[in-house]
Amino acid sequence: MKAKSLPLKNNNKIASRLFSGVDFTALSKAIMGLFHTSSEKHGADCLLIAEHAKELLNQEGINAELVIGECAIRVDGNDGGAVISHMSNSAKSNSSGSELGFHAWIKINEVWNVDFTTYQIPLKMKALDAIDGRATPVSWSPEFIVFRSSDCSTFEGVQESFKSGVIHYSPGCPDKRKILDEHSNYSIDQEDHENLKTIYETVKSGGEFVVHGPLGSLTLTK
């Protein structure tokens, strides 16, 4: 069976109907604003982003859960190396700045998942290219994705595909316990979380919002 690109627009429409109390686009913008301007590990902060997102979704009435596992995304269909991967097998992993190959995302319910870190794809590929001396094209980098297990391909399917937007997400990895132990200090800062909620509510209302942080500023519009 050929690997298929993620049906991004259709999934977003379905999720907006199923979880009508949550504005995923506004939440994605809020996460971008907070982490772009304040995260010293931007591009390698998926666990903290997932923790913040889970907490806010819980507050919005969704029983969201943190998921730690493996991930691979084809970001361009015309370049064989245009894959961002976070795999526990070091021979497969090319996730920048990480000793352990893993990724973190959110399980919304038994069917649906959301990853709010895909806006970082160009940043991650730039870091990889700096190491490899390449100039890898990135033609697919949505700000966030909602997906089902049935939307996912195998890791090999992502590698071999000639289509961008082919994804592989697999819950669980051999080093999960070690990851949680080594990142035990990733408990969310409550002041940061209140800032995230403020940004979220402002963007959701449709207003323009400029986020200022220790690492810069970012203007957000829905």
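Does E143 count as buried, partly exposed or exposed, and what is its relative accessibility? In this predicted model, E143 has a relative accessibility of 27% and therefore counts as partly exposed, because buried residues lie under 20% and exposed ones over 50%.

**The protein as a whole**

The protein has 7 helices and 8 strands. Of its 222 residues, 48% count as buried. Its accessible surface comes to about 10,900 Å², and carbon and sulfur atoms account for 48% of that surface. Among contacts between residues at least 6 apart in sequence, 72% join residues at least 24 apart.

**Cores**

The largest nonpolar core has 38 residues. The residues with the most contacts inside this core are F24, I31, L57, V114 and F116. At least two residues of the core are supplied by each of α1, α2, α3, β3, β4 and α7. The largest share, 8 residues, comes from α2. A second, separate core has 16 residues, including C71, I121, W140 and I167.

**F116 and E143**

Leaving out residues up to four places away in sequence, F116 touches F24, L27, S28, I31, I49, A53, E143 and F144. E143 lies in the loop between α4 (121–132) and β5 (145–148). Beyond its neighbours within four places in sequence, E143 is in contact with S28, K29, M32, F116, T118 and Y119. E143 and Q120 are 23 residues apart along the chain, and their C-alpha atoms are separated by 7.9 Å.

**Helix α7**

Helix α7 covers residues 190–204 and has 15 residues. From its first C-alpha to its last, α7 reaches 21 Å, close to the 21 Å expected at 1.5 Å a residue. The buried residues of α7 are H193, L196, I199, Y200 and V203. They cover an arc of only 120 degrees around the axis, which puts them on the same side of α7. In general, an α-helix has 3.6 residues a turn, so residues three or four places apart point the same way.

The table lists the elements against which the buried residues of α7 pack.

| Element | Residues |
|---|---|
| α2 | 24–38 |
| α3 | 46–59 |
| β7 | 209–213 |
| β8 | 216–220 |

At the start of α7, a side-chain oxygen of D189 comes to within 3.0 Å of the backbone nitrogen of E191. After α7 comes G206, which has a positive phi, near 100 degrees.

Note on methods
Residues are numbered from 1 along each chain as its sequence is written. This is a predicted model: local features need pLDDT of at least 70, side-chain atom pairs count only at pLDDT 80 or more; totals for chains, interfaces and linings use all residues. Side-chain values use heavy atoms; hydrogens and water are left out. Helices (H or I, at least four residues) and strands (E, at least two) are DSSP runs, numbered from the N terminus. The expected span of a helix is 1.5 Å times one less than its number of residues. Buried means under 20% relative accessible area, exposed over 50%, partly exposed in between (1.4 Å probe, protein chains only). The arc is that of the directions from the helix axis to the C-beta atoms. Contact means heavy atoms within 4.5 Å. A polar contact is a pair of N or O atoms within 3.5 Å; within protein, one must be able to donate a hydrogen and the other to accept it, and residues adjacent in sequence count only if both atoms are side-chain atoms. Accessible areas come from the Shrake-Rupley method with a 1.4 Å probe; for residues, only the protein chains shown count as cover. A nonpolar core is a set of buried Ala, Val, Leu, Ile, Met, Phe, Trp, Tyr and Cys residues joined through side-chain atoms within 4.5 Å.
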